[in-house]
Amino acid sequence: MSRPPWSARLLGPVVLLGVVLAGCAAPPTVDPAAPAEATVAAPSVLPGQAAQVRREVAARLQAARGAGEVDLVEQTAVGPAAALELLRLDVDGPQPAALALDDGSVAVLVGPRTDGWPRWFAAVTDPAAGAAGPAASVPPDEPPDERSDEPSDEPSAVSGPGGELPVLELYDSADVRSPYRLGGRMTLRPGAELPAFPDARAGAVSLADGTAAEPAASDDDADQDGDAAEDGSDDATGPGDTAELEAVLAGLADGYASVLTEGDASPAAAEFEPDPFVEGVLARAEAERAAVAGVADTTVTHAPFGDDPVLYAVEGVEGDVLAVTAVETVTTMTVQPGAGVLQPGAEVREVVGIESTDGTLTTRSVAALAFVVPAERGAIRLVAVGEGLVAADAT
Amino acid sequence: MVPRVVPTAVAALGLVLAVVGVVMLTVQAPSQQVGGAAQAAPVLLTAPGVLALTGEAVAVDVSGDGFVGLGRTDEVARWADGVAHTRVDGVGEDLEPDTTVVDGDAPGLVDPVADPGLADIWLQEQAGASPSLVVQAPGPDQTVVVVAGSTASVTLTWQRPATHPGAWPLLVGGVLLLVLGTAWLVALNRRRTRRDRPGRRDGRVAATARGPR
């Protein structure tokens with residue numbers, strides 16, 4: 001039998017090739033992508049979310065003021081902000097024409113890294129941008145290519161055209177199913193400088209979230225609050241500094257309350273930079289005493305507001321810490337028997353509802369205070385204040 | 001001598017493979033979308049990684065009143081903790097959503113289903129009549145949640161720029177075989193033509209005629 005020609009022998013492999021190629025033609029399949037393992041906790045809020053939260057809180061607060069509903073206020077505000085709002089509600093009742101908070105542009109957004117609740121974030125308004133509605137410059141919510149602790153290009157504080165000062169707003173969410181509530185609004189002091197914070201899409205290191213008596217003291221908090229040792233090597237505060245910093249933060253409200261009471265004579269005076277707010281409070285207390293001298297005895301006490309020494313604290317890129325606390329001031333004026341009557345000022349008169357008293361007049365005010373604790377642990381400086389009367393009583 | 005049937009078969013096979021390749025790229029091209037309808041009843045959420053199934057945009061459409069939200073997977077898991085829901089685990093061989101019903105337990109602090117928009121965990125959200133959401137570039141750590149009535153239907157559609165993986169090899173291989181077979185046939189024809197040329201036949205005759213001299 002003769003051997004077939006080479007070309008005939010080629011036919012077999014060619015057919016085989018065709019069959020193999022056809023065999024490649026399996027239908028494409030789709031498989032779920034493996035979720036990325038998060039090595040660093042995400043920030044509590046992304047810029048787009050923050051803008052939405054601020055709009056919603058402003059709308060809810062306006063609705064609560066309009067309806068005059070205590071429940072609505074308590075669902076929308078917490079801490080010092082709630083105390084201030086509830087007093088206004090108590091005095092003014094429903095305010096259908098109430099204005100909404102400005103939910104415009106923010107110059108700085110600070111979202112602490114966390115994977116749990118409660119959580120919070122801070123926003124510094126940008127009065128230079130005007131109240132032109134939601135921030136057009138809010139960056140998208142895509143995470144950055146690399147989580148970087150490089151400071152953002154955003155200015156730390158800016159003033160409006162008419163010298164209007166930026167406002168530091170705090171928002172707090174108690175649990176995953178609850179909305180953010182307004183925790184406080186503090187006006188930045190003229191010339192105040194905030195620490196530089198990491199990009200808002202990367203998040204900053206949280207040191208306190210207002211839930212623990214000692215900041216980041218519990219194991220859970222140590223995990224979820226992004227303590228320096230837990231959260232990566234890019235944090236400015238080393239493990240050795242943490243205990244010292246916690247002690248500084250824990251004593252912040254007590255120390256400042258002492259300074260407000262005693263001025264330079266306070267043992268804590270050296271811990272704080274001298275600031276006009278302390279001078280103003282001391283001068284006001286002295287003026288009130290002088291105004292009623294011979295008629296009433298006046299006592300003024302300052303003490304930390306609420307149960308937590310520090311409401312919120314977050315670390316900047318260079319290790320400076322922004323810490324927010326609140327101090328309650330109680331002023332009691334007791335008329336000396338037969339010495340006359342006290343005539344409260346307009347604001348207090350509006351709350352107590354009487355023109356004068358020959359008994360005791362007590363007023364309570366709360367000041368939300370934002371401080372910067374320098375990385376080198378120098379003098380702590382006050383950068384923002386939001387204060388107001390929260391109660392008054394006359395007997 | 002190679003029979004003409006061999007190159008003819010090669011060319012024919014190439015033609016068939018090329019046609020099959022073209023058909024796979026056109027008429028029989030795989031769908032550029034996968035997915036389909038699923039029941040929320042009343043909560044539906046996608047399992048980790050499922051949203052990024054194809055790496056392309058995902059559309060979520062709800063028939064009827066409801067809520068659609070996009071959130072981080074870990075936060076959504078906390079939000080849905082203890083809530084009965086339908087979980088989309090992927091896409092089955094029929095390219096329809098593959099779902100699992102997850103039983104709930106005691107409700108948490110707040111019934112999240114009553115007002116899912118209350119939570120501030122959503123990166124995108126839509127609520128109202130027939131809400132829909134398009135997630136342009138879903139990440140593997142993102143999850144979609146749908147809350148809707150029991151009669152509502154949820155349609156999840158993943159974009160998929162897919163081509164049949166064998167189509168181009170078949171087309172290219174087929175064309176090569178077709179060219180090879182055709183060239184082979186042409187070569188055979190030329191050889192035969194040269195063999196049958198009159199000049200060569202005359203030469204043979206002439207030589208034959210010269211032989212007896």
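Trp158(B) counts as buried, because it has 24 C-beta neighbours inside 10 Å and the cut-off for a buried residue is 20 or more. The model is a predicted one. Trp158(B) belongs to strand S10 of chain B, which covers residues 153–159. In sequence, Trp158(B) and Ala57(B) are 101 residues apart, yet their C-alpha atoms are 6.1 Å apart in space.

| Residue | In contact with |
|---|---|
| Trp158(B) | Gln33(B), Val34(B), Gly35(B), Leu53(B), Thr54(B), Glu56(B) and Val58(B) |
| Leu369(A) | Tyr256(A), Val324(A), Thr325(A), Ala326(A), Val327(A), Leu382(A) and Val385(A) |

Leu369(A) is also part of the largest nonpolar core, which has 83 residues; together with Ala313(A), Ala323(A) and Phe371(A), Leu369(A) touches the most other members. The biggest contribution to this core, eight residues, comes from strand S9 of chain A, residues 360–373. Another core of 36 residues lies apart from it, including Val176(A), Ala40(B), Val62(B) and Val154(B). In soluble globular proteins, nonpolar side chains tend to be buried together.

Chain B also holds an open sheet of six strands with mixed pairing, in the order S6-S5-S2-S9-S4-S7. Strands S6 (97–102) and S7 (122–129) of chain B are at the edges; each has a single partner strand, so one side of each lacks a neighbour in the sheet. From one strand to the next, the twist averages 20°. Within the sheet, strands S4 (residues 65–72) and S9 (residues 142–148) of chain B run antiparallel and are joined by seven bridges. Arg72(B) stands opposite Gln142(B) of S9(B).

Note on methods. Residues are numbered from 1 along each chain as its sequence is written. Chains are lettered from A and ligands numbered from 1 in the order in which they are written. This is a predicted model: local features need pLDDT of at least 70, side-chain atom pairs count only at pLDDT 80 or more; totals for chains, interfaces and linings use all residues. Two strands pair if DSSP finds at least two bridges between them. Helices (H or I, at least four residues) and strands (E, at least two) are DSSP runs, numbered from the N terminus. Axes are lines fitted to C-alpha atoms, for helices over the stretch in contact, and angles run from 0 to 180 degrees between N-to-C directions. A nonpolar core is a set of buried Ala, Val, Leu, Ile, Met, Phe, Trp, Tyr and Cys residues joined through C-beta atoms within 7 Å. A residue is buried if 20 or more other C-beta atoms lie within 10 Å of its own, exposed if 12 or fewer, and partly exposed in between; C-beta atoms are placed from the backbone. Two residues are in contact if their C-beta atoms, placed from the backbone, lie within 7 Å. Lists of a residue's contacts leave out its neighbours within four places in sequence.
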